[in-house]
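The following is a request for a close look at a single part, with a connected answer.

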Amino acid sequence: MVRRILTLGGHDFTSRPPDRAVCEFLLRLASEHGGARPRICILPTASGDTSDLIASFYQAFGNRPCEPSDVSLFRLGRRPMALRDHLLSQDLIYVGGGSMVNLLAVWEAHDIAGILSLAWHRGIVLAGQSAGAMCWFEAGITKSSGKPLAAAGLGLLRGSLCVHYNNEPERRAAYLEAVGDGMPDGYGLDDHAGLLWEGEDSPSAVTARRGARAYRVSKREGEVVESPLPVRFLPAPAPAALREDIAEFRRIKTMRRHAGWLG
Amino acid sequence: MESGNPLLDDYVLGLCTAERPRVCFLPQASGDADHYIVRFYRAFAATRCEASHISLFRREQGPDDLRRHLLSQDLIYVGGGSVVSLLGVWKAHGIDAILREAWEAGVILCGLSAGSLCWFAEAVSGFHGAPKRLEGLGLLPFSNCVHYERKSDRRESYHRFLREGMRPGYAAEDGAALHFVGQELSRVVASRPEARGYRLDVSGQRVVEMRIATTYLGERGVVPEAALPEALSTALPAA
(Lines give C-alpha, C1' and ligand atoms only; values in the text may rest on other atoms or scores of the structure.)
Protein backbone atom coordinates (compact mmCIF):
# COMPACT_ATOMS: atom_id res chain seq x y z
CA MET A 1 0.00 0.00 0.00
CA VAL A 2 1.47 3.35 -0.98
CA ARG A 3 1.62 5.79 1.89
CA ARG A 4 0.73 9.26 0.66
CA ILE A 5 0.87 12.65 2.29
CA LEU A 6 0.22 15.98 0.59
CA THR A 7 1.80 18.86 2.49
CA LEU A 8 0.72 22.34 1.39
CA GLY A 9 2.37 25.67 2.19
CA GLY A 10 -0.94 27.47 2.54
CA HIS A 11 -4.33 27.91 0.86
CA ASP A 12 -7.98 28.63 1.61
CA PHE A 13 -11.18 26.98 0.47
CA THR A 14 -12.33 29.91 -1.65
CA SER A 15 -13.53 29.80 -5.24
CA ARG A 16 -10.41 31.56 -6.51
CA PRO A 17 -8.58 29.50 -9.15
CA PRO A 18 -5.52 28.46 -7.06
CA ASP A 19 -7.75 27.33 -4.17
CA ARG A 20 -10.00 25.45 -6.58
CA ALA A 21 -6.96 23.77 -8.10
CA VAL A 22 -5.84 22.58 -4.65
CA CYS A 23 -9.29 21.16 -3.91
CA GLU A 24 -9.36 19.42 -7.28
CA PHE A 25 -6.02 17.81 -6.51
CA LEU A 26 -7.20 16.71 -3.06
CA LEU A 27 -10.29 15.20 -4.64
CA ARG A 28 -8.17 13.36 -7.20
CA LEU A 29 -5.88 11.90 -4.55
CA ALA A 30 -8.91 10.80 -2.53
CA SER A 31 -10.47 9.18 -5.61
CA GLU A 32 -7.29 7.27 -6.31
CA HIS A 33 -7.85 5.61 -2.95
CA GLY A 34 -11.61 5.52 -2.70
CA GLY A 35 -13.05 5.45 -6.20
CA ALA A 36 -15.79 7.62 -7.64
CA ARG A 37 -17.20 8.92 -4.37
CA PRO A 38 -14.35 9.11 -1.88
CA ARG A 39 -14.73 10.02 1.79
CA ILE A 40 -12.90 13.17 2.79
CA CYS A 41 -12.73 14.27 6.41
CA ILE A 42 -11.41 17.55 7.76
CA LEU A 43 -9.69 17.76 11.15
CA PRO A 44 -9.90 21.49 11.92
CA THR A 45 -8.25 21.04 15.34
CA ALA A 46 -5.42 23.55 14.80
CA SER A 47 -7.91 26.39 14.40
CA GLY A 48 -9.92 25.36 17.45
CA ASP A 49 -12.51 23.82 15.12
CA THR A 50 -13.67 27.24 13.87
CA SER A 51 -17.02 27.13 12.12
CA ASP A 52 -15.68 29.42 9.36
CA LEU A 53 -13.14 26.83 8.30
CA ILE A 54 -15.58 23.94 8.55
CA ALA A 55 -18.17 25.84 6.53
CA SER A 56 -15.69 26.77 3.80
CA PHE A 57 -14.57 23.13 3.59
CA TYR A 58 -18.15 21.99 3.07
CA GLN A 59 -18.66 24.77 0.56
CA ALA A 60 -15.66 23.57 -1.42
CA PHE A 61 -16.48 19.86 -1.32
CA GLY A 62 -20.23 19.76 -0.72
CA ASN A 63 -21.12 19.83 -4.42
CA ARG A 64 -18.29 17.63 -5.58
CA PRO A 65 -18.39 13.88 -6.07
CA CYS A 66 -17.29 12.96 -2.55
CA GLU A 67 -18.57 12.48 0.99
CA PRO A 68 -17.18 15.27 3.13
CA SER A 69 -17.27 15.13 6.93
CA ASP A 70 -15.60 16.87 9.86
CA VAL A 71 -14.33 15.74 13.24
CA SER A 72 -14.44 18.25 16.06
CA LEU A 73 -12.34 17.77 19.17
CA PHE A 74 -13.79 20.79 20.95
CA ARG A 75 -17.52 20.88 20.39
CA LEU A 76 -19.43 18.74 22.79
CA GLY A 77 -21.31 15.76 21.65
CA ARG A 78 -24.50 16.56 19.85
CA ARG A 79 -23.07 14.40 17.16
CA PRO A 80 -20.77 12.01 18.98
CA MET A 81 -18.85 9.68 16.71
CA ALA A 82 -16.50 6.77 17.07
CA LEU A 83 -13.38 8.79 16.26
CA ARG A 84 -11.13 5.89 15.37
CA ASP A 85 -13.64 4.10 13.17
CA HIS A 86 -14.61 7.30 11.43
CA LEU A 87 -11.05 8.33 10.64
CA LEU A 88 -10.02 4.87 9.51
CA SER A 89 -12.97 4.69 7.11
CA GLN A 90 -11.83 7.77 5.17
CA ASP A 91 -10.02 7.98 1.85
CA LEU A 92 -8.41 11.30 2.66
CA ILE A 93 -7.91 13.07 5.98
CA TYR A 94 -7.31 16.79 5.63
CA VAL A 95 -5.79 18.77 8.49
CA GLY A 96 -6.51 22.50 8.61
CA GLY A 97 -4.15 25.27 9.65
CA GLY A 98 -3.86 27.22 12.89
CA SER A 99 -1.71 26.61 15.93
CA MET A 100 0.71 23.71 15.43
CA VAL A 101 1.44 23.54 19.16
CA ASN A 102 -2.25 23.31 20.05
CA LEU A 103 -2.89 20.85 17.23
CA LEU A 104 -0.32 18.38 18.50
CA ALA A 105 -1.27 18.89 22.16
CA VAL A 106 -4.95 18.23 21.49
CA TRP A 107 -4.17 15.23 19.30
CA GLU A 108 -2.01 13.83 22.04
CA ALA A 109 -4.77 14.33 24.60
CA HIS A 110 -7.23 12.46 22.35
CA ASP A 111 -4.74 9.80 21.14
CA ILE A 112 -5.23 10.85 17.53
CA ALA A 113 -1.60 10.54 16.41
CA GLY A 114 -1.62 6.73 16.51
CA ILE A 115 -4.84 6.61 14.48
CA LEU A 116 -3.37 8.91 11.82
CA SER A 117 -0.20 6.90 11.59
CA LEU A 118 -2.24 3.73 11.14
CA ALA A 119 -4.41 5.46 8.51
CA TRP A 120 -1.25 6.41 6.64
CA HIS A 121 0.07 2.86 6.72
CA ARG A 122 -3.27 1.65 5.38
CA GLY A 123 -3.00 3.95 2.39
CA ILE A 124 -5.47 6.61 3.50
CA VAL A 125 -4.17 9.87 2.06
CA LEU A 126 -3.11 12.43 4.66
CA ALA A 127 -3.08 16.08 3.69
CA GLY A 128 -3.03 19.51 5.18
CA GLN A 129 -1.90 23.10 4.91
CA SER A 130 0.19 25.30 7.18
CA ALA A 131 0.16 23.74 10.70
CA GLY A 132 -1.71 20.85 9.06
CA ALA A 133 1.31 20.31 6.76
CA MET A 134 4.14 20.83 9.25
CA CYS A 135 2.59 18.42 11.75
CA TRP A 136 3.66 15.38 9.67
CA PHE A 137 7.36 16.29 9.82
CA GLU A 138 9.87 16.04 12.62
CA ALA A 139 9.80 19.79 13.06
CA GLY A 140 8.29 23.01 11.77
CA ILE A 141 8.27 26.75 12.40
CA THR A 142 5.14 27.79 14.23
CA LYS A 143 3.73 31.14 15.27
CA SER A 144 1.60 29.45 17.93
CA SER A 145 3.09 31.72 20.58
CA GLY A 146 3.10 34.86 18.43
CA LYS A 147 6.71 34.88 17.25
CA PRO A 148 7.96 32.21 14.83
CA LEU A 149 9.57 29.38 16.81
CA ALA A 150 10.63 25.79 16.18
CA ALA A 151 8.17 23.08 17.20
CA ALA A 152 8.24 19.29 16.99
CA GLY A 153 5.81 17.43 14.75
CA LEU A 154 4.63 13.82 14.58
CA GLY A 155 7.66 12.72 12.56
CA LEU A 156 5.93 10.51 9.98
CA LEU A 157 8.08 12.38 7.46
CA ARG A 158 11.76 12.95 8.05
CA GLY A 159 13.13 16.45 8.18
CA SER A 160 11.42 19.77 8.68
CA LEU A 161 9.01 22.09 6.90
CA CYS A 162 8.43 25.83 6.83
CA VAL A 163 5.11 27.02 5.34
CA HIS A 164 3.97 30.41 3.90
CA TYR A 165 7.59 30.61 2.83
CA ASN A 166 7.80 33.79 0.77
CA ASN A 167 4.50 35.03 2.16
CA GLU A 168 5.81 35.46 5.71
CA PRO A 169 9.42 36.62 5.59
CA GLU A 170 9.91 36.47 9.37
CA ARG A 171 8.90 32.82 9.40
CA ARG A 172 11.37 32.02 6.62
CA ALA A 173 14.14 33.89 8.46
CA ALA A 174 13.43 31.95 11.65
CA TYR A 175 13.52 28.70 9.65
CA LEU A 176 16.86 29.47 8.01
CA GLU A 177 18.29 30.29 11.41
CA ALA A 178 16.85 27.13 12.98
CA VAL A 179 18.29 24.91 10.22
CA GLY A 180 21.62 26.66 10.69
CA ASP A 181 21.38 25.87 14.40
CA GLY A 182 20.77 22.17 13.84
CA MET A 183 17.10 21.69 13.02
CA PRO A 184 16.92 18.81 10.52
CA ASP A 185 17.10 19.86 6.85
CA GLY A 186 13.80 20.19 5.09
CA TYR A 187 11.59 22.21 2.79
CA GLY A 188 10.11 25.64 2.35
CA LEU A 189 6.68 25.95 0.71
CA ASP A 190 5.00 29.10 -0.55
CA ASP A 191 1.24 29.46 -0.35
CA HIS A 192 -0.33 27.21 -3.02
CA ALA A 193 2.82 25.12 -3.36
CA GLY A 194 2.89 21.57 -2.05
CA LEU A 195 4.85 18.37 -1.77
CA LEU A 196 3.30 15.03 -2.59
CA TRP A 197 4.98 12.26 -0.62
CA GLU A 198 4.66 8.69 -1.78
CA GLY A 199 6.53 6.80 0.87
CA GLU A 200 9.07 8.74 2.88
CA ASP A 201 11.54 9.89 0.23
CA SER A 202 11.76 12.13 -2.82
CA PRO A 203 8.50 14.05 -2.74
CA SER A 204 7.28 15.66 -5.94
CA ALA A 205 6.51 19.35 -5.85
CA VAL A 206 3.25 20.80 -7.17
CA THR A 207 1.94 24.33 -7.41
CA ALA A 208 -1.52 25.76 -7.97
CA ARG A 209 -0.42 29.36 -8.49
CA ARG A 210 2.06 30.73 -11.00
CA GLY A 211 5.15 31.86 -9.16
CA ALA A 212 4.53 29.77 -6.03
CA ARG A 213 7.61 27.71 -5.29
CA ALA A 214 8.90 24.82 -3.26
CA TYR A 215 12.45 24.78 -1.90
CA ARG A 216 14.77 22.19 -0.53
CA VAL A 217 16.48 23.81 2.46
CA SER A 218 19.65 22.18 3.71
CA LYS A 219 22.80 22.90 5.60
CA ARG A 220 25.96 22.33 3.58
CA GLU A 221 29.37 23.01 5.05
CA GLY A 222 27.91 25.34 7.64
CA GLU A 223 25.82 27.28 5.10
CA VAL A 224 22.06 27.02 4.80
CA VAL A 225 21.18 26.63 1.12
CA GLU A 226 17.76 27.02 -0.50
CA SER A 227 17.32 25.21 -3.81
CA PRO A 228 14.06 25.63 -5.74
CA LEU A 229 12.49 22.32 -6.76
CA PRO A 230 11.00 21.63 -10.17
CA VAL A 231 7.24 21.96 -9.82
CA ARG A 232 4.30 20.50 -11.66
CA PHE A 233 1.48 22.99 -12.26
CA LEU A 234 -2.01 22.06 -11.10
CA PRO A 235 -4.64 23.69 -13.32
CA ALA A 236 -7.83 25.03 -11.78
CA PRO A 237 -10.99 23.29 -12.94
CA ALA A 238 -13.68 25.41 -14.56
CA PRO A 239 -15.76 27.14 -11.91
CA ALA A 240 -19.11 25.60 -11.13
CA ALA A 241 -21.87 27.09 -13.25
CA LEU A 242 -23.29 30.22 -11.65
CA ARG A 243 -26.78 30.12 -10.28
CA GLU A 244 -29.11 32.05 -12.54
CA ASP A 245 -29.94 34.73 -9.93
CA ILE A 246 -26.27 35.35 -9.14
CA ALA A 247 -25.42 35.54 -12.83
CA GLU A 248 -28.25 38.06 -13.28
CA PHE A 249 -26.97 40.12 -10.34
CA ARG A 250 -23.47 40.21 -11.82
CA ARG A 251 -24.80 41.22 -15.24
CA ILE A 252 -26.66 44.13 -13.67
CA LYS A 253 -23.62 45.13 -11.65
CA THR A 254 -21.45 45.12 -14.77
CA MET A 255 -24.01 47.16 -16.68
CA ARG A 256 -24.16 49.70 -13.87
CA ARG A 257 -20.43 49.95 -13.72
CA HIS A 258 -20.32 50.58 -17.45
CA ALA A 259 -23.03 53.15 -17.11
CA GLY A 260 -20.96 54.89 -14.44
CA TRP A 261 -23.55 54.51 -11.68
CA LEU A 262 -21.00 53.19 -9.29
CA GLY A 263 -18.36 55.69 -10.22
CA MET B 1 -22.72 32.69 31.47
CA GLU B 2 -26.01 30.88 31.40
CA SER B 3 -28.08 32.43 28.67
CA GLY B 4 -30.58 34.93 30.03
CA ASN B 5 -29.71 34.05 33.63
CA PRO B 6 -27.00 36.13 35.31
CA LEU B 7 -27.45 34.70 38.82
CA LEU B 8 -24.29 32.59 38.92
CA ASP B 9 -22.24 35.31 37.22
CA ASP B 10 -23.47 37.79 39.81
CA TYR B 11 -22.67 35.37 42.59
CA VAL B 12 -19.08 34.75 41.52
CA LEU B 13 -18.46 38.46 40.88
CA GLY B 14 -19.82 39.07 44.36
CA LEU B 15 -17.06 36.90 45.79
CA CYS B 16 -14.44 39.34 44.52
CA THR B 17 -13.50 42.01 47.03
CA ALA B 18 -12.21 44.50 44.48
CA GLU B 19 -14.64 47.24 43.51
CA ARG B 20 -14.06 46.62 39.83
CA PRO B 21 -12.74 43.09 39.68
CA ARG B 22 -10.38 41.95 36.94
CA VAL B 23 -11.93 38.96 35.22
CA CYS B 24 -10.17 36.88 32.59
CA PHE B 25 -11.94 34.36 30.38
CA LEU B 26 -10.19 31.18 29.20
CA PRO B 27 -12.25 29.71 26.33
CA GLN B 28 -9.82 26.92 25.35
CA ALA B 29 -12.29 24.07 25.89
CA SER B 30 -14.33 25.51 23.01
CA GLY B 31 -11.26 26.05 20.83
CA ASP B 32 -11.44 29.79 21.68
CA ALA B 33 -14.73 30.07 19.80
CA ASP B 34 -15.51 33.67 18.84
CA HIS B 35 -19.20 33.52 19.69
CA TYR B 36 -18.33 32.30 23.18
CA ILE B 37 -15.86 35.13 23.75
CA VAL B 38 -18.53 37.61 22.72
CA ARG B 39 -20.95 36.00 25.17
CA PHE B 40 -18.40 36.40 27.94
CA TYR B 41 -17.92 40.11 27.27
CA ARG B 42 -21.70 40.57 27.28
CA ALA B 43 -22.13 38.68 30.55
CA PHE B 44 -19.16 40.37 32.25
CA ALA B 45 -19.82 43.89 31.05
CA ALA B 46 -17.29 46.67 31.46
CA THR B 47 -19.68 48.50 33.76
CA ARG B 48 -19.05 46.05 36.57
CA CYS B 49 -15.67 44.50 35.94
CA GLU B 50 -12.50 44.76 33.91
CA ALA B 51 -12.89 41.87 31.51
CA SER B 52 -10.25 40.27 29.31
CA HIS B 53 -9.70 36.95 27.59
CA ILE B 54 -6.77 34.85 26.51
CA SER B 55 -6.84 33.03 23.20
CA LEU B 56 -4.25 30.28 22.83
CA PHE B 57 -5.20 29.77 19.19
CA ARG B 58 -4.57 33.36 18.20
CA ARG B 59 -1.64 34.38 20.34
CA GLU B 60 -0.90 37.41 18.18
CA GLN B 61 -3.84 39.02 19.99
CA GLY B 62 -4.05 39.54 23.72
CA PRO B 63 -1.46 39.75 26.48
CA ASP B 64 2.16 38.74 25.85
CA ASP B 65 2.98 37.61 29.34
CA LEU B 66 0.32 35.06 30.15
CA ARG B 67 1.57 34.38 33.66
CA ARG B 68 1.65 38.00 34.70
CA HIS B 69 -1.76 38.61 33.21
CA LEU B 70 -3.38 35.63 34.92
CA LEU B 71 -1.76 36.33 38.29
CA SER B 72 -3.08 39.90 38.22
CA GLN B 73 -6.72 38.79 37.98
CA ASP B 74 -9.35 38.64 40.70
CA LEU B 75 -11.31 35.97 38.88
CA ILE B 76 -10.43 33.49 36.14
CA TYR B 77 -13.42 32.06 34.31
CA VAL B 78 -13.01 28.87 32.28
CA GLY B 79 -15.59 28.14 29.61
CA GLY B 80 -17.14 24.83 28.61
CA GLY B 81 -16.35 22.45 25.78
CA SER B 82 -14.01 19.47 25.71
CA VAL B 83 -12.07 19.03 28.95
CA VAL B 84 -9.61 16.70 27.20
CA SER B 85 -8.75 19.34 24.60
CA LEU B 86 -8.69 22.02 27.30
CA LEU B 87 -6.13 20.21 29.42
CA GLY B 88 -4.03 19.32 26.36
CA VAL B 89 -3.81 22.94 25.21
CA TRP B 90 -3.12 24.26 28.71
CA LYS B 91 -0.28 21.83 29.21
CA ALA B 92 1.31 22.84 25.92
CA HIS B 93 1.33 26.49 27.01
CA GLY B 94 2.18 25.96 30.69
CA ILE B 95 -1.21 27.33 31.77
CA ASP B 96 -1.81 24.42 34.17
CA ALA B 97 1.10 25.48 36.39
CA ILE B 98 0.12 29.17 36.21
CA LEU B 99 -3.44 28.40 37.31
CA ARG B 100 -2.20 26.47 40.33
CA GLU B 101 -0.01 29.42 41.21
CA ALA B 102 -2.94 31.81 40.77
CA TRP B 103 -5.14 29.65 42.99
CA GLU B 104 -2.47 29.56 45.69
CA ALA B 105 -2.17 33.33 45.41
CA GLY B 106 -5.89 33.72 46.07
CA VAL B 107 -7.24 34.33 42.58
CA ILE B 108 -10.79 32.95 42.39
CA LEU B 109 -11.07 30.17 39.82
CA CYS B 110 -14.38 29.32 38.28
CA GLY B 111 -15.89 27.65 35.29
CA LEU B 112 -18.72 25.61 33.93
CA SER B 113 -18.88 22.12 32.49
CA ALA B 114 -15.34 21.38 31.23
CA GLY B 115 -14.41 24.52 33.19
CA SER B 116 -15.57 22.77 36.36
CA LEU B 117 -14.14 19.30 35.69
CA CYS B 118 -10.65 20.64 35.07
CA TRP B 119 -10.00 21.66 38.71
CA PHE B 120 -10.60 18.20 40.15
CA ALA B 121 -8.27 15.22 40.52
CA GLU B 122 -10.59 13.07 38.44
CA ALA B 123 -13.46 13.82 36.13
CA VAL B 124 -16.16 12.25 34.04
CA SER B 125 -15.97 13.55 30.49
CA GLY B 126 -18.71 12.94 27.96
CA PHE B 127 -17.32 13.38 24.49
CA HIS B 128 -17.46 11.41 21.24
CA GLY B 129 -18.92 8.21 22.55
CA ALA B 130 -19.33 6.83 26.05
CA PRO B 131 -18.34 9.03 29.01
CA LYS B 132 -14.71 8.59 29.99
CA ARG B 133 -12.76 8.83 33.20
CA LEU B 134 -9.84 11.23 33.17
CA GLU B 135 -7.45 13.19 35.37
CA GLY B 136 -7.80 16.93 35.88
CA LEU B 137 -5.43 19.47 37.39
CA GLY B 138 -6.04 18.09 40.86
CA LEU B 139 -6.42 21.35 42.79
CA LEU B 140 -9.47 19.74 44.40
CA PRO B 141 -8.76 16.16 45.59
CA PHE B 142 -12.13 14.80 44.50
CA SER B 143 -13.88 13.52 41.42
CA ASN B 144 -16.41 15.66 39.56
CA CYS B 145 -19.30 15.09 37.23
CA VAL B 146 -21.29 17.85 35.53
CA HIS B 147 -24.63 17.81 33.68
CA TYR B 148 -25.64 15.35 36.38
CA GLU B 149 -29.25 15.06 35.31
CA ARG B 150 -31.47 12.10 36.06
CA LYS B 151 -31.14 9.41 33.40
CA SER B 152 -28.03 11.01 31.91
CA ASP B 153 -25.26 8.82 30.55
CA ARG B 154 -22.82 10.70 32.66
CA ARG B 155 -24.60 9.94 35.89
CA GLU B 156 -24.69 6.25 35.11
CA SER B 157 -21.04 6.21 34.06
CA TYR B 158 -19.98 8.22 37.12
CA HIS B 159 -21.54 5.64 39.41
CA ARG B 160 -19.77 2.85 37.55
CA PHE B 161 -16.42 4.65 37.74
CA LEU B 162 -16.92 5.14 41.48
CA ARG B 163 -17.57 1.43 41.94
CA GLU B 164 -14.41 0.77 39.91
CA GLY B 165 -12.32 2.85 42.27
CA MET B 166 -12.67 6.47 41.22
CA ARG B 167 -12.22 8.69 44.24
CA PRO B 168 -15.33 10.15 45.92
CA GLY B 169 -16.48 13.51 44.72
CA TYR B 170 -19.16 15.96 43.77
CA ALA B 171 -21.69 16.25 41.00
CA ALA B 172 -23.74 19.20 39.84
CA GLU B 173 -26.90 19.44 37.83
CA ASP B 174 -27.18 22.17 35.22
CA GLY B 175 -27.63 25.46 37.05
CA ALA B 176 -25.99 24.28 40.28
CA ALA B 177 -22.54 25.47 41.35
CA LEU B 178 -20.14 23.95 43.88
CA HIS B 179 -18.31 26.64 45.80
CA PHE B 180 -15.05 25.49 47.37
CA VAL B 181 -12.94 27.48 49.79
CA GLY B 182 -9.50 25.91 49.84
CA GLN B 183 -10.22 22.24 49.28
CA GLU B 184 -13.44 22.27 51.31
CA LEU B 185 -16.89 22.56 49.85
CA SER B 186 -18.34 25.71 51.34
CA ARG B 187 -21.80 25.75 49.80
CA VAL B 188 -23.84 24.88 46.78
CA VAL B 189 -25.74 27.62 45.00
CA ALA B 190 -28.02 27.50 41.99
CA SER B 191 -29.45 29.70 39.29
CA ARG B 192 -32.48 27.45 38.89
CA PRO B 193 -34.78 26.58 41.80
CA GLU B 194 -34.69 22.83 41.16
CA ALA B 195 -30.96 22.44 40.47
CA ARG B 196 -28.92 20.54 43.05
CA GLY B 197 -25.40 19.49 43.90
CA TYR B 198 -24.50 16.02 45.13
CA ARG B 199 -21.81 14.35 47.18
CA LEU B 200 -20.86 10.85 46.02
CA ASP B 201 -19.13 8.18 48.05
CA VAL B 202 -18.69 4.46 47.72
CA SER B 203 -19.43 2.00 50.43
CA GLY B 204 -18.26 -1.43 49.33
CA GLN B 205 -19.81 -1.84 45.90
CA ARG B 206 -22.57 0.59 46.68
CA VAL B 207 -22.55 4.18 45.47
CA VAL B 208 -23.95 6.54 48.08
CA GLU B 209 -25.38 9.69 46.55
CA MET B 210 -26.26 12.51 48.94
CA ARG B 211 -28.17 15.53 47.78
CA ILE B 212 -26.70 18.71 49.21
CA ALA B 213 -28.95 21.52 50.35
CA THR B 214 -28.64 24.09 47.62
CA THR B 215 -29.29 27.80 47.88
CA TYR B 216 -31.32 29.16 45.02
CA LEU B 217 -29.87 32.56 44.20
CA GLY B 218 -33.03 33.91 42.65
CA GLU B 219 -35.07 34.68 45.75
CA ARG B 220 -34.49 38.08 47.17
CA GLY B 221 -33.67 38.30 50.82
CA VAL B 222 -32.33 34.78 51.08
CA VAL B 223 -29.00 34.76 52.86
CA PRO B 224 -26.95 32.03 51.21
CA GLU B 225 -25.74 30.37 54.38
CA ALA B 226 -26.46 26.67 54.15
CA ALA B 227 -23.77 25.12 56.30
CA LEU B 228 -22.53 21.80 55.03
CA PRO B 229 -23.23 19.33 57.88
CA GLU B 230 -26.84 20.40 58.02
CA ALA B 231 -27.02 20.19 54.29
CA LEU B 232 -25.81 16.63 54.30
CA SER B 233 -28.51 15.65 56.74
CA THR B 234 -31.08 16.12 54.01
CA ALA B 235 -29.19 13.71 51.85
CA LEU B 236 -30.84 10.88 50.03
CA PRO B 237 -28.92 7.66 49.66
CA ALA B 238 -29.04 6.37 46.11
CA ALA B 239 -29.74 2.91 44.85
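Q: Does B:Ala46 count as buried or exposed, and at what relative accessibility?

A: This is a predicted model, in which local features need pLDDT of at least 70 and side-chain atom pairs count only at pLDDT 80 or more, while totals for chains, interfaces and linings use all residues. Residues are numbered from 1 along each chain as its sequence is written, chains are lettered from A and ligands numbered from 1 in the order in which they are written, and side-chain values use heavy atoms, with hydrogens and water left out.

B:Ala46 counts as exposed, because its relative accessibility is 54% (buried is under 20% relative accessible area, exposed over 50% and partly exposed in between, with a 1.4 Å probe and protein chains only). B:Ala46 sits in the loop that joins helix H2 (34-43) to strand S2 (50-53) of chain B; helices (H or I, at least four residues) and strands (E, at least two) are DSSP runs numbered from the N terminus. From B:Ala46 to B:Asp32 the sequence separation is 14 residues and the C-alpha to C-alpha distance is 20 Å.

Strand S2 of chain B holds B:Glu50. B:Glu50 is partly exposed at 35% relative accessibility. B:Glu19 is 31 residues from B:Glu50 in sequence, with 10 Å between their C-alpha atoms. Setting aside residues up to four places away in sequence, B:Glu50 touches B:Arg20, B:Pro21, B:Arg22 and B:Val23 (contact means heavy atoms within 4.5 Å).

Further along chain B, B:Thr214 lies in strand S13 (residues 214-216). B:Thr214 is buried, as its relative accessible area is 15%. A polar atom of the B:Thr214 side chain lies 2.7 Å from the backbone oxygen of B:Ile212, and one lies 3.4 Å from the backbone nitrogen of B:Gly197. Beyond four places in sequence, the contacts of B:Thr214 are B:Val188, B:Val189, B:Ala190, B:Ala195, B:Arg196 and B:Gly197.

In chain A, A:Ser160 belongs to strand S8 (residues 157-162). A:Ser160 is buried, since its relative accessible area is 0%. The side chain of A:Ser160 has a polar atom 2.7 Å from the backbone oxygen of A:Pro184. Among the residues in contact with A:Ser160 beyond four places in sequence are A:Phe137, A:Tyr175 and A:Tyr187.

The largest nonpolar core has 87 residues, and A:Trp107, A:Trp136, B:Trp90 and B:Trp119 touch the most other members (a nonpolar core is a set of buried Ala, Val, Leu, Ile, Met, Phe, Trp, Tyr and Cys residues joined through side-chain atoms within 4.5 Å). Helix H4 (residues 83-93) of chain B gives the largest share of this core, six residues.

The contact between the chains takes 26 residues from chain A and 23 residues from chain B. Chain A and chain B bury about 1,800 Å² between them, 58% of it on carbon and sulfur atoms; buried area is the accessible area (1.4 Å probe) that two parts lose on being put together, summed over both. There are zero salt bridges between chain A and chain B (a side-chain nitrogen of Lys or Arg within 4 Å of a carboxyl oxygen of Asp or Glu).

Definitions and conventions
A polar contact is a pair of N or O atoms within 3.5 Å; within protein, one must be able to donate a hydrogen and the other to accept it, and residues adjacent in sequence count only if both atoms are side-chain atoms.
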